[in-house]
Amino acid sequence: MRRVVRQSKFRHVFGQAVKNDQCYDDIRVSRVTWDSSFCAVNPRFVAIIIEASGGGAFLVLPLHKTGRIDKSYPTVCGHTGPVLDIDWCPHNDQVIASGSEDCTVMVWQIPENGLTLSLTEPVVILEGHSKRVGIVAWHPTARNVLLSAGCDNAIIIWNVGTGEALINLDDMHSDMIYNVSWNRNGSLICTASKDKKVRVIDPRKQELVAEKEKAHEGARPMRAIFLADGNVFTTGFSRMSERQLALWNPKNMQEPIALHEMDTSNGVLLPFYDPDTSIIYLCGKGDSSIRYFEITDESPYVHYLNTFSSKEPQRGMGYMPKRGLDVNKCEIARFFKLHERKCEPIIMTVPRKSDLFQDDLYPDTAGPEAALEAEEWFEGKNADPVLISLKHGYIPGKNRDLKVVRKNVLDSKPTANRKCDLIHAPQKTADTASVQNEAKLDEILKEIKSIKDTICNQDERISKLEQQMAKIAA
């Protein structure tokens with residue numbers, strides 16, 4: 001019997017590296033031994049972690065600034081230790097967060113046209129980790145919510161707008177956290193850890209929703225990411241050090257939905273996921289290829305599509321959000337591959353004869369508008385991403401500046417009490433406020449009087465002393 005080949009519009013996805021003059025050349029890519037992607041991209045900028053003496057730094061280049069990058073090009077260099085991870089804010093293309101070996105997370109505002117001077121002053125410094133911070137990840141739908149994870153095995157969720165740490169998950173992990181991924185609406189996170197466990201956590205309730213021990217038997221680092229349908233996709237190693245990928249249902253993590261062995265290379269597989277097309281791209285650190293798979297509801301669930309191969313191994317990889325792609329060329333993904341001394345964009349296209357907009361390749365995708373404010377999310381609200389159409393290409397709007405409002409902790413009463421007060425006795429609170437004000441005024445007047453008395457006494461004392469001195473001198 002003739003084997004029927006599975007139909008898929010992505011079977012012939014075609015990857016191509018851009019020409020040399022469209023690469024970013026002469027960049028000293030970071031040599032830190034850390035398994036992050038070292039690169040973050042959005043429709044305006046590409047950011048790359050670089051080697052820096054006396055601290056940590058990363059480059060932020062406007063996308064059009066290709067060619068050779070001058071050694072004196074300004075950097076973002078406020079950290080005192082090497083930068084380990086960077087992530088662009090999904091709701092503001094000029095805001096980027098960085099985590100570093102100096103135990104801090106910093107949030108930066110990049111000028112609209114890129115840097116003209118080195119940036120040393122972040123908008124806010126988030127301090128709360130006791131060891132180096134290797135992971136930073138913005139919330140997908142709530143504005144100004146940032147997650148960080150450090151080698152102290154703690155995950156902290158910050159309200160960047162106020163600079164406060166509002167959730168601290170410091171007893172969930174007994175060993176180093178390899179990666180953290182938000183789900184589609186940001187109500188759950190999944191983590192992969194050195195203790196070989198994959199965990200699904202509700203961060204606001206601080207509860208473990210699901211857990212799988214030995215998701216992959218091997219000792220080398222794993223990765224776990226959420227898919228749009230709520231399933232979890234993992235990459236790791238078997239006991240024989242073969243690279244594996246697996247698909248799990250968090251409601252029942254006894255057995256994987258699918259488990260595939262790949263090869264025996266020892267590079268950690270970094271997964272990049274496109275929720276619109278259900279394609280996962282796997283880029284191994286130190287590999288010279290990108291493999292891609294389609295996730296469907298029918299067996300074997302994870303379908304191998306193709307491999308893009310090149311000669312040079314990759315040190316890191318940046319992945320462009322959907323709204324940064326060229327829809328006129330049927331581009332469905334763009335990677336920014338880091339070599340030792342350069343960054344090379346790789347464009348993935350689906351060959352089509354027609355020049356018309358291809359609706360099936362570009363369903364509405366997550367736009368830059370936040371669905372929730374930080375406070376709403378922390379109070380328990382959830383919302384899916386606000387979707388936009390790419391029919392006429394994405395035109396970046398004006399981003400609002402990130403402002404950090406410092407709350408005076410001393411002023412605020414516990415919120416619960418304050419709510420009760422307002423409900424039961426609004427008049428009473430106004431009265432008590434005026435009484436309190438009068439009492440304060442009395443106190444201040446008394447204090448001023450006692451200060452005046454003290455000054456008078458001192459004056460008398462000084463004049464007496466002066467008289468005595470005059471007598472002695474005579």
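**Entry 1: a residue of the negative patch**

I began with D442, which counts as partly exposed because its relative accessibility is 45%; here buried means under 20% relative accessible area, exposed over 50%, and partly exposed in between, with a 1.4 Å probe and protein chains only. I was working on a predicted model, in which local features need pLDDT of at least 70 and side-chain atom pairs count only at pLDDT 80 or more, while totals for chains, interfaces and linings use all residues. Residues are numbered from 1 along each chain as its sequence is written, and side-chain values use heavy atoms, with hydrogens and water left out.

I placed D442 in helix α3 (residues 426-473), where helices (H or I, at least four residues) and strands (E, at least two) are DSSP runs numbered from the N terminus. Together with E438, E443 and E447, D442 forms a negative surface patch. Patches are made of residues with over 30% relative accessible area and no salt bridge, like charges being joined within 9 Å and nonpolar side chains (Val, Leu, Ile, Met, Phe, Trp, Tyr) within 5 Å. Asp and Glu count as negative, Lys and Arg as positive, and His and the chain ends are not counted; the place of a charge is taken as NZ of Lys, CZ of Arg, CG of Asp or CD of Glu.

**Entry 2: the nonpolar patch**

I then looked up L441, I444, L445 and I448, which form a nonpolar patch on the surface with about 390 Å² of accessible area together; such areas come from the Shrake-Rupley method with a 1.4 Å probe, and for residues only the protein chains shown count as cover. L445 is also in helix α3, and it counts as exposed because its relative accessibility is 52%.

**Entry 3: salt bridges**

My search of the whole structure found 22 salt bridges, each being a side-chain nitrogen of Lys or Arg within 4 Å of a carboxyl oxygen of Asp or Glu. D263 forms one with R243, the closest N and O atoms being 2.8 Å apart. This pair links distant parts of the chain, 20 residues apart, with D263 in the loop between β23 (258-261) and β24 (269-274) and R243 in strand β22 (residues 243-248). R243 counts as buried, at 1% relative accessibility.

D263 also meets R291 in a salt bridge, at 2.7 Å from N to O. Since R291 lies in strand β26 (residues 289-295) and D263 in the loop between β23 and β24, the pair ties together parts that are 28 residues apart in sequence. At 17% relative accessibility, R291 counts as buried.

I noted a further pair, K381 and E376, whose side chains meet at 3.3 Å, N to O. K381 is partly exposed, with a relative accessible area of 45%, and E376 counts as partly exposed at 25%. Salt bridges that share partners also join D26, R68, K71 and R341 into one network.

Residues 76-118 are 0% helix and 51% strand, with end C-alpha atoms 6 Å apart, whereas residues 170-211 are 0% helix and 50% strand, with end C-alpha atoms 17 Å apart. I found D170 in the loop between β15 (164-169) and β16 (177-182).

**Entry 4: the whole chain**

Lastly, I recorded three helices and 32 strands.
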